[in-house]
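Subject: Structure handover

Hello,

Here is the structure for you to look through. My notes on a pocket and on the salt bridges follow it.

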Amino acid sequence: MCNDNQTEVTVFILFGFQGLYKYKILFFILFLFSYLLVITGNLILVVLVSMSEHLKIPMFIFLRQLAVADTLITTTIMPMMLDIILRGKKEVSVTGCLIQMYLFGIFGFVQCFLIAVMSYDRCLAICNPMRYNSIMSPDVCRRMIAGSWLLVFMLSSELIVVCQLQFCGLNFFCDFGPIVELSTSDTSMLLLVDLILSFVVVFIPFSLIIITYLIIFYTISKISLNNTRKKAFSTCSSHLATVCTYYGTLSTVYMTSTDERSFITNKFCSLLYIVVTPMMNPIIYSLRNHEIRKTLQKVINI
């Protein structure tokens, strides 16, 4: 319930980077350029994998889905953020803000599962190459991808609990933490659901990634020839870089106490997850993968 000097609100006022308004044009250009890089880089990956027959193998099929998720998660936040930077603030309905948080959660959670599935794919390719094609058939890939999206939609049903909350106040930033802090309702059930959800969609996939890479490194260590060992490691180096980038930014944003950071600093940290990771994936796979570079050169030369 709201206090006597508070009123229940149905509209949130989203503020930009307070105190930095005199640099708003610079921030707008910087974030717009970053957003265009994210969209362009990931759409190029989607188009290349879709057009090229020799790229329609499990690793690139999963990469295409990851590029789609990267594009969607950035698009969920960045257009509104660019508008807020220019205007200084923006009014958004409670429903609209909760929908944005829901979509942000879905696209973020599905990345965890896709990266975990990709690690399993790399583990099979290195540790069991003779049976790789029979195990990772196109039908199995499609089921893994569909299962990842379906599971995330089912697990993200915590929005139903959030919709029951009552909110008081005006200053707001659309993310799960600020929603809980702003609500005057009992959030104990929501926090419990969030803890369980975080365990399922973050800890379990990350544990799977750790296990698969321990198996990969053990298998590579048993290879006697240096050239063969380097070739085996190169097949998973791009994915390993993606894992480090993704979970590195995720831990920076969500594992550091907000009490240790200012509100503006927290916003900048969130940009690591919203912009940096989706921007880095196309760069990582373009620089590290010969097939992607070769296909891109063919398309450009047409």
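First, a definition for the residue classes: Ala, Val, Leu, Ile, Met, Phe, Trp, Tyr, Cys and Pro count as nonpolar, Asp, Glu, Lys and Arg as charged, and the others, Gly among them, as polar. By those classes, the lining of the second largest pocket has 15 nonpolar, nine polar and five charged residues.

Two notes on the source. This is a predicted model, in which local features need pLDDT of at least 70 and side-chain atom pairs count only at pLDDT 80 or more, while totals for chains, interfaces and linings use all residues. Residues are numbered from 1 along each chain as its sequence is written, and side-chain values use heavy atoms, with hydrogens and water left out.

**The pocket**

The volume of the second largest pocket is about 620 Å³. The lining counts 29 residues, and the closest to the centre are Ile57, Met59, Arg122, Ala125 and Thr235. A pocket here is an open set of points on a 1 Å grid over the protein atoms alone, where a 1.4 Å probe fits, with protein on both sides within 12 Å along at least five of seven lines; lining residues have an atom within 4 Å of a point. Volume is the space filled by probe spheres set on the points, which are joined across faces, edges and corners.

Which helix gives the most to the lining? H9 does, with seven residues. Others that each supply at least two include H2 (58–87), H3 (94–127) and H10 (263–288). Helices are DSSP runs (H or I, at least four residues), numbered from the N terminus.

**The salt bridges**

The count is three salt bridges. The rule asks for a side-chain nitrogen of Lys or Arg within 4 Å of a carboxyl oxygen of Asp or Glu.

Arg122 pairs with Asp121 at 2.8 Å, N to O. Are these residues buried or exposed? Arg122 is buried, at 8% relative accessibility. Asp121 is buried too, at 0%. (Buried means under 20% relative accessible area, exposed over 50%, partly exposed in between, with a 1.4 Å probe and protein chains only.)

Helix H5 holds Arg142 and Asp139, three residues apart. Their salt bridge has its closest N and O atoms 3.9 Å apart. Arg142 is exposed at 54%, and Asp139 is partly exposed at 33%.

Arg143 also bridges to Asp139, at 3.2 Å, N to O. Shared partners join Asp139, Arg142 and Arg143 into one network. Arg143 and Asp139 are about one helical turn apart, because they are four residues apart in helix H5. Arg143 is exposed, at 61%.

Best wishes
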